[in-house]
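Work through the exercises below with the model open. Try each task before reading its solution.

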Amino acid sequence: MKVAKMGRVSQLAAGEFILQSCPLGSDATSRGRAMISKVRSAICWIAVLLFCIPWASAQDPCHAADRRALILSGGGVKGAFEAGAVYHLVVLRGCDFQDFAGISVGALGSAFLAQAAPSNDPVQSQAALAWQAEQLVSLWQGIKGPRDVMKGRRLGAVRFFVFGAESLNDFTPLRRLIQTSISAERLENGRAVRVGVTDFLNGSYREFAMNGPAAGGDKRNAARFIDFVFASAVLPVAGRMPRIKEDTDAEEATQFGDGSLRVITPIGSYFRNCVAGDGADGMQAGPLSVCDTMAHDPLQQLFVVATSPYARGSDRLPVRDPKAFRPGTQIIGNGKKILIRTLSIQNDTVYRAGLTHMLSANDALRGRWEMWRTQVARPEAETSGDTWATTFPWESYNPNPASHAPTRPYRIGLIMPEKETADISDLLSFSPARIAEQLYDGCMAADRIMTGNFGLPSLAQECSWRFQTEGSGVAIQDGCLMGSGN
């Protein structure tokens with residue numbers, strides 16, 4: 001309730017202006033004038049409500065009656081950034097989500113959150129997810145070092161480079177962490193969720209789902225779904241990729257690895273990518289989705305938590321570590337650092353392409369939607385609207401109830417850090433200090449989106465109160481949060 005009241009400060013200020021413009025009858029000297037004054041006062045209060053309530057629903061995405069999806073990208077230790085952002089959205093702002101998707105560490109976060117029991121009661125549903133979001137923060141704060149996630153294999157580098165061993169590390173601790181924090185039973189009774197993996201045999205990107213239309217109503221495979229959560233988080237060479245049989249009748253298991261080899265942020269399935277083809281309706285499915293099958297229940301909002309900076313139309317990726325250069329130059333001469341820089345640029349290319357596709361597809365849907373709205377008054381609008389709905393290259397899962405109307409664009413909140421805080425070589429550095437900084441940074445990044453994009457009051461102080469703890473590596477100095485830099 002405290003947050004809801006804070007979110008209406010601007011509305012109440014506007015309401016006060018309306019009231020001040022209304023004569024309240026304070027000088028009335030007769031019963032008749034007093035009655036007129038009360039009527040005027042009532043009319044003015046109605047005007048306040050009519051002004052404020054639509055404004056609130058238009059600005060605050062968390063208090064609209066929309067259905068929302070939460071999409072988490074990959075990023076190793078940056079999963080703590082995602083947890084901080086989720087805490088801000090769900091606990092501080094009161095958002096509820098009905099659909100989840102994730103890759104790599106985002107797969108773990110998505111599956112963890114999807115265990116929240118769904119409910120037709122909005123209050124109960126949001127409360128269940130808020131509790132789960134708190135537990136996700138606690139899970140990250142409980143990690144005390146890299147050995148809670150992985151163990152280096154004895155003579156791992158020698159065995160890898162000389163004898164051809166499959167991996168450098170043992171990810172058994174991560175497997176145990178997933179098994180103790182994600183329950184097959186709670187997943188079966190939870191919310192729609194999907195995780196992305198890479199089929200290492202044929203190189204394709206795959207998504208596996210629990211609950212929702214994409215799961216086909218089959219809830220018997222929760223244990224195997226948890227296997228895919230683990231597979232999505234295991235980067236080849238860093239760890240041994242799990243072997244998984246997709247179904248019980250399969251003769252041989254398949255190697256599956258980190259989904260971020262192909263896709264960093266799993267937004268493809270939210271846009272039905274339809275292209276001209278030989279199908280009965282002249283269309284065929286694109287590679288990541290199906291044109292005539294609902295892969296998601298209807299959704300109006302997408303909140304995407306990305307773990308690296310992104311600027312539309314830019315491909316600049318500054319070098320994060322100044323020590324990478326030769327002294328007095330802008331030249332990277334160390335072979336290991338050249339390799340890290342090369343992998344970082346390749347990874348960043350995939351990352352940016354996914355976010356650009358999402359924004360471009362949504363812009364195209366918005367442009368078509370505006371054209372359709374302009375045209376609906378014309379006599380030929382019924383047929384032309386139907387034509388648009390079957391020939392446009394993209395569709396969303398935000399339907400329009402009007403006859404022959406095209407699907408609508410999503411309302412998108414894209415949360416990301418202001419600057420790069422960890423490159424590829426740092427992604428497995430699970431120190432308490434780094435985790436604390438990531439949690440705080442995620443909370444603040446979400447605050448920037450909610451204030452800048454949606455016009456809500458800042459809750460930056462609440463982020464400081466929640467994630468500033470003694471010995472965490474984060475401290476408040478002159479009203480600003482300072483990190484240890486580790």
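**Exercise 1.** Find which side chains make polar contacts with the side chain of His296, and state whether His296 is buried or exposed.

*Solution.* 
- Step 1: Start with Ser269. Its side chain and that of His296 are joined by a polar contact of 2.9 Å. A polar contact is a pair of N or O atoms within 3.5 Å; within protein, one must be able to donate a hydrogen and the other to accept it, and residues adjacent in sequence count only if both atoms are side-chain atoms.
- Step 2: Strands (E, at least two residues) and helices (H or I, at least four) are DSSP runs, numbered from the N terminus.
- Step 3: Check the cover. His296 has a relative accessible area of 1%, so it is buried. Buried means under 20%, exposed over 50%, partly exposed in between (1.4 Å probe, protein chains only).
- Step 4: List the contacts (heavy atoms within 4.5 Å). Beyond four places in sequence, His296 touches Asp99, Arg194, Pro213, Ser269, Tyr270 and Tyr397.

The model is predicted: local features need pLDDT of at least 70, side-chain atom pairs count only at pLDDT 80 or more, and totals for chains, interfaces and linings use all residues. Residues are numbered from 1 along each chain as its sequence is written, and side-chain values use heavy atoms, with hydrogens and water left out.

**Exercise 2.** Find which backbone oxygens the side chain of Asn211 reaches.

*Solution.* 
- Step 1: Locate Asn211 in the loop between strand 6 (205–210) and helix 10.
- Step 2: Asn211 counts as buried because its relative accessibility is 9%.
- Step 3: A polar atom of its side chain lies 3.3 Å from the backbone oxygen of Gly190. The Asn211 side chain also reaches the backbone oxygen of Arg191, at 3.3 Å.

**Exercise 3.** How many residues of helix 14 are buried, and which are they?

*Solution.* 
- Step 1: Take helix 14, residues 460–467.
- Step 2: Six of its eight residues are buried, and the helix is mostly covered.
- Step 3: The buried ones are Ala460, Glu462, Cys463, Ser464, Arg466 and Phe467.

**Exercise 4.** Find where pLDDT (the predictor's confidence in each residue, from 0 to 100) stays under 50.

*Solution.* 
- Step 1: Begin with the whole protein. Its average pLDDT is 77, and 74% of the residues score at least 70.
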